Amino acid sequence: MTDLVTGDDGKARCRWGSTDGRYRDYHDTEWGRPVTDEQGLYERLSLECLQSGLSWALILRKRDGIRASLAGFVPDAVAAFGRQEIEALLQDSRVIRNRRKLEAIVQNARATVAMRDDRPLPELVWSLRPPPRRAPRSYADMGAISDESKQLAKELKRHGFAFVGPTTAYSTMQAAGLVNDHLAGCFVREEVEAAQRDVQRLFPGR
């Protein structure tokens with residue numbers, strides 16, 4: 001079975017992006033496209049944290065409810081959550097009801113806010129963008145971690161983040177467009193490459 005498939009629209013895309021409508025929309029319009037704003041990066045980190053050990057299909061299905069329950073992932077709003085809000089979330093069927101993950105998301109919101117006076121989250125994250133590499137031709141060409149994701153996890157933890165190991169950090173780098181893991185031949189890959197070149201002006205150095 002090939003990891004690149006052609007859909008009924010005649011476009012070649014990564015096989016995982018053709019399994020159902022939600023995956024296809026996420027693959028075609030979001031995954032790998034650069035995210036450079038604080039709120040967007042905090043949301044990607046939070047969703048990857050929630051997904052750990054679970055299927056991404058579950059996260060996509062519940063994402064609207066998760067956003068509503070977590071104040072739209074506005075860092076200042078989530079940073080103000082206390083014990084009462086955590087307990088309410090644990091009774092909220094719209095979210096992933098895992099205390100450790102939810103507490104980490106609140107902790108990470110506080111860390112995000114605290115970073116603004118030093119090195120804002122987008123600046124830190126994009127400083128660790130890896131250099132361009134050859135397009136993967138199959139899933140076997142991709143890893144679950146990288147040297148840069150190890151460094152990102154280390155730096156985030158140093159700033160007070162929790163539940164951000166190298167695998168979660170790499171998944172965030174994929175989702176937020178620091179790496180382009182769309183397969184060679186996938187129609188989205190060239191669009192992502194063009195968008196990444198635009199980011200270069202915001203975060204020069206890579």
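Which residues touch the most other members of the largest nonpolar core?

**View 1. The largest nonpolar core of the predicted model.** Leu121, Leu156 and Phe161 are the residues that touch the most other members of this core, which comprises 51 residues. Helix H6, spanning residues 99-115, supplies the largest share of the core, namely seven residues. In soluble globular proteins, nonpolar side chains tend to be buried together.

**View 2. The surroundings of Leu156.** When residues up to four places away in sequence are not counted, Leu156 touches Leu45, Leu121, Leu124, Phe161 and Val164. Two of these partners, Leu121 and Phe161, are named together with Leu156 as the residues that touch the most other members of the largest nonpolar core.

**View 3. Another nonpolar core, lying apart from the largest one.** This core has five residues, and among them are Cys14, Leu183, Val188 and Val192.

**View 4. Ala71 in the loop between helix H3 and helix H4.** The loop that holds Ala71 lies between helix H3 (56-69) and helix H4 (75-79). Although Ala71 is not a glycine, its phi is positive, at about 55°. With a relative accessible area of 28%, Ala71 is partly exposed, because this class covers values between the under 20% of buried residues and the over 50% of exposed ones.

**View 5. Phe163 in the loop between helix H8 and helix H9.**

Terms used: Residues are numbered from 1 along each chain as its sequence is written. This is a predicted model: local features need pLDDT of at least 70, side-chain atom pairs count only at pLDDT 80 or more; totals for chains, interfaces and linings use all residues. Side-chain values use heavy atoms; hydrogens and water are left out. A nonpolar core is a set of buried Ala, Val, Leu, Ile, Met, Phe, Trp, Tyr and Cys residues joined through side-chain atoms within 4.5 Å. Buried means under 20% relative accessible area, exposed over 50%, partly exposed in between (1.4 Å probe, protein chains only). Helices (H or I, at least four residues) and strands (E, at least two) are DSSP runs, numbered from the N terminus. Contact means heavy atoms within 4.5 Å.
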